[in-house]
Amino acid sequence: MSISSETETMAGPGKCFLVTGPPGVGKTTLIMRVFESLKASNPTLKVQGFYTREIRRSGERVGFEVVTLDSRTCPLASVNVSTPESLRWPSVGKYKVDVASFESLALPELKVKEDTDLFIIDEVGKMELYSSSFFPAVLRVLESNIPLLATIPVPKFGRDIPAVATLRNHAGATCFTLSVSNRDAVREQIRSLLEDLLIKY
C-alpha cells in the first residue's frame, strides 16, 4: 500500500469531534441537541449511532440503557441483576454490564454505509469497551471519513483508557472539554462546524 492510499483511509482533519467533561455536565444533552438541530435544518440527513441514558427508579439511578437515534433501546448496565448468567458479567462500580445486549443494538448502528452522513457515539467509555468488538467498529467509523460526534470520559487519575487515548490523539480529532459555563457556546460551535462539514461532505 502506498503512503497516499494509506492517508486516504484515515479520517480527514476536523471530521471527528469528541466531547468530554465530568459526569452530569451535559455531554449527552449536548450531543442530542446538536443532532436535533442538524436534523431540523436537514430532515434528509442520515445519522447512525446511539446515546446512553440513565435508568432511574424512585429518583435513584439503577442502571443505563443504550438508545438508538430512531429510539430503539436495550439494557447496558444495571445494579439489579439476579440471573446466574449476569453474575459473570463485568462490573463498573456497582453496575453489571450486559455486553451481549449492548452489542446486539449498538454494533449494527456502527456499520459503515455509503449513504451515512454522520455518526453519533455516546459514549466511548469503560462499560462500552467491555465489548471486544466495539472499539474496532469505532475505528472503522473513524477510517470511513464520515463525520463523527462522540463523547469520551474524563481521564481518571490523569490517565485515559487506552482506547480513549487513541481517539483523543487521532490526527482527525478535535476535543472539547465541557463545563457548566461553556456548554452552550461549545454546543453552538460543534453544531456550526458539523453543519459546514455536512454541506461540503
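Buried describes a residue with under 20% relative accessible area, exposed one with over 50%, and partly exposed one in between, using a 1.4 Å probe and protein chains only. Cys74, with a relative accessible area of 8%, is therefore buried. The model is predicted, so that local features need pLDDT of at least 70 and side-chain atom pairs count only at pLDDT 80 or more, while totals for chains, interfaces and linings use all residues. Residues are numbered from 1 along each chain as its sequence is written, and side-chain values use heavy atoms, with hydrogens and water left out.

**Helix H3**

- Helices (H or I, at least four residues) and strands (E, at least two) are DSSP runs, numbered from the N terminus.
- In H3, which spans residues 99–109, the buried residues are Val99, Ser101, Phe102, Leu105, Ala106 and Glu109.
- These residues lie on the same side of H3 because they cover an arc of only 150 degrees around the axis, the arc being that of the directions from the helix axis to the C-beta atoms.
- Ala100 and Ser104, on the other side of H3, are exposed.
- The cover over the buried residues of H3 includes strands E2 (47–57), E3 (60–68), E4 (73–78), E6 (95–97) and E7 (118–121), together with helix H4 (134–143).

**Ser101**

- Ser101 counts as buried because its relative accessibility is 12%.
- Leaving aside neighbours within four places in sequence, Ser101 is in contact with Cys74 and Pro75, where contact means heavy atoms within 4.5 Å.

**Cysteines**

- The whole structure holds zero disulfides, a disulfide being a pair of cysteine sulfur atoms within 2.5 Å.
- For Cys16, the nearest cysteine sulfur is that of Cys175, 8.9 Å away.
- Cys16 counts as buried because its relative accessibility is 1%.
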